[in-house]
Amino acid sequence: MTPQTPMVDKPLLKIEDVEIAFSSPDEADIVAVRQVDLTLTAGKTLCLVGESGCGKSVTARAVLRLLDQNASISRGRILFTPPGEETVDIGALKSDSLSMRAIRGNKISMIFQEPMSSLSPVHTIGDQIDEMIMLHEDLKPKEARERTVSLLDQVGIPGPRERADTYPFQLSGGLRQRAMIAMALACTPNLLIADEPTTALDVTTQAQILDLLKKLQDDYGMAMLFITHDLGVVAEIADEVAVMYLGDVVEQGDVFEVFRAPRHPYTQALMRSIPTMARKADRQRLSPIKGTVPSAKDRPQGCAFTSRCPHAFEPCPTVRPERTQVGEGHVARCHLLTQDTTRAEELA
Amino acid sequence: MSALLSVENLSKTFTIRSGLVGPLRTLDALSDVSLSVAPGETLAIVGESGCGKTTLGRCIVKAMPVTAGKVTYRPPDHAPVEITALDNRAMKPWRRDIRMIFQDPMSSLNPNMRVFDIVAEPLRVHKVARGRELENRVADVLSRVGISPDAMGRYPHAFSGGQRQRIGIARALVLEPKLVIADEAVSALDVSIQAQVLNLLEDLKSEFGLTYIFVSHDLGVVNYIADRVVVMYLGHVVENAPTESLFERPRHPYTEVLLEALPIADPTRRNRREKAVRGEIPYLGNRPTGCPFHTRCRHAQDRCRSEKPALRKVGQAEVACHFAESLELKGAYEPASVTPSTRTLA
């Protein structure tokens, strides 16, 4: 397995100004993702973090064009540049086109939260992985099975040859997730999208799966787009982190930088609302974010966080804040960072 | 100080049938569990799925009969009551004192009942209040948990997850209980809402002088809220210690593994795991002989495979491990020289 050399000039994946709307016959369109800008470098892990309904899963599915029928990418581009190849705008491809199918599962693959509902219950895991390999590569069934067995072995499934003949329900949650990962790796993708892959698992199993993903990433040199709601998991696994709130990416940057000095009020508030691993004497009362996440229908024109932000002032409800560079590769969208230099100190 | 509630040698065995016509088999969900909770204390029960933490909570509120052992409740102004020996009728008055909050606020509130009726039901069942007084008490408890009494004519679907959890809390508190068992009460909530509910639980505790048994799998939350922690594995108590001592210096190898596996929201503390986490939780019906944890334990020796360790006092903790005195186990806090307070968030 030779690690791909990262392209210096172009990022592996660049999502520019993407908007995703869901239509419904009896209601106005709901804009689930309003404006997402993300950059993912080859070989790196980008964590997309946010609370339920912020649009993180929708964004991830859009990259693979796995959105529901009534969803459409109404604006923006999803630029994918596999090493040594031309850039493709995934957003402009038809989701069932040949070129999209050549990318899906082959160059970009995905693992899901609940392996039980994303694996077929009536096929053995070996058959499911064989199918995936033969779909993308010209291999005979026997050769495909050999590859499957070696993949199952690499993801740490004991007795891989025998386990290939088992059905998903015969495996534990941890083993099922490993089988899912083996399938995603079958065609050595450039990008692996992981949508809450450890959320349904116990904490010791979660640790094993995170360690496995880190190891496989080193072996294969692939990039990861990792969706999670758990800041602890972000701190474990991310190189970069992007924080989403109600369809907007409000902040993106290096994980150490964002945890050390978060600049968007939402990121700051999120970090203050999780209990820290501190002794009683150093423990501080949690400061929760007031109120609840509004529905996408009630989102203000301007900054989505306005209704819950402790710093909100005149331009916030009406004007969308610009992307502001606040450090090396660290951007945030907040009016306090641009408009009002005297108040910018509040966020420093 | 005598305990408010104590559990002695509690066991719970479920009988299951494999398949439609298969033989009957037994599963020991709880084996010989003993613990006690002092008045005003928050006791956390932690462990992974299948460890028996939920079953234990349900046995304490007598939502299911126990197989062996006893649960004793000591009301402040009454002689001790052995809950496990009571029939349902005799238990009823004590149900006012021991209440439960459930994990999923979606399925624990009846969708066909108005919020007012949901919260008023315990008052009606126990004939505590009626008419105007009933209304006042419901409105009062709802406003204490942060739900506007104007909204009490609505149905649960009209509320968000966090608000529904507050309604569940109001229902538990309306009878002014002494002991509240919270079963994964914040696990289904988003972090910002989770923080609101945790703060609320702390405030209500001091306001009403409550005692909590807090069942959770989230050690971060447990470190924040609990005074003492009971760690369970496959139906056994493996460690019972004051929170700070448990997180500083765990005494049982399983506790160490749990603390190592816990993702801490601080990237400078990543890669704390020096060794990989071994194996998976065995199926309950296939529990190892000897120490239940020996199949995954880094320190296991021959003795662990054959002889089951009893819970015994080591330092501030009660531990079920043959080698608890000699093992040097790693905690989850940063070393004391680098105090975490140097890490400020903005």
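**Notebook: a two-chain predicted model**

I began with residues 5-259 of chain B: the end C-alpha atoms of this span lie 28 Å apart, and the span is 36% helix and 27% strand. Helices here are DSSP runs of H or I with at least four residues, strands are runs of E with at least two, and both are numbered from the N terminus.

Residues are numbered from 1 along each chain as its sequence is written, while chains are lettered from A and ligands numbered from 1 in the order in which they are written.

**Entry 1: the overall build**

I looked up chain A and found twelve helices and twelve strands. Its radius of gyration is 21 Å, close to the 20 Å that the globule rule gives for 348 residues, so chain A is as compact as a globular protein of that length. The radius is taken over C-alpha atoms, and the rule is 2.2 Å times the number of residues to the power 0.38. Along the principal axes, the C-alpha atoms of chain A fill a box of roughly 70 × 50 × 45 Å.

Then I turned to chain B, which has ten helices and twelve strands. For its 346 residues the globule rule gives 20 Å, and the radius of gyration of chain B is close to that at 21 Å, so this chain is as compact as a globular protein of that length. Its C-alpha trace spans about 65 × 60 × 45 Å along the principal axes.

**Entry 2: where the chains meet**

Two residues are in contact if their C-beta atoms, placed from the backbone, lie within 7 Å. Ala, Val, Leu, Ile, Met, Phe, Trp, Tyr, Cys and Pro count as nonpolar, Asp, Glu, Lys and Arg as charged, and the others, Gly among them, as polar.

**Entry 3: domains**

For chain B, the assignment gives domain 1 (5-231) and domain 2 (250-342); such bounds come from an automatic or database domain assignment. Their C-alpha centres lie 28 Å apart. I found nine residues of domain 1 of chain B in contact with ten residues of domain 2 of chain B. On the domain 1 side, β2 (24-37) and α7 of chain B are the elements that give two or more residues, and the largest share, four residues, comes from β2(B). That side divides into four nonpolar, three polar and two charged residues.

In chain A, the assignment gives domain 1 (122-185) and domain 2 (262-347), with 44 Å between their C-alpha centres.

**Entry 4: two helix pairs**

Axes are lines fitted to C-alpha atoms, for helices over the stretch in contact, and angles run from 0 to 180 degrees between N-to-C directions. The crossing of α4(A) and α5(A) is right-handed. A crossing counts as right-handed if the near helix is turned clockwise from the far one by less than a right angle, and left-handed if anticlockwise.

In chain B, helix α3 (residues 115-125) and helix α4 (residues 131-144) pack at about 115°, with axes 10 Å apart.

Key
Predicted model: local features only at pLDDT ≥ 70, side-chain atom pairs only at ≥ 80, totals over all residues.
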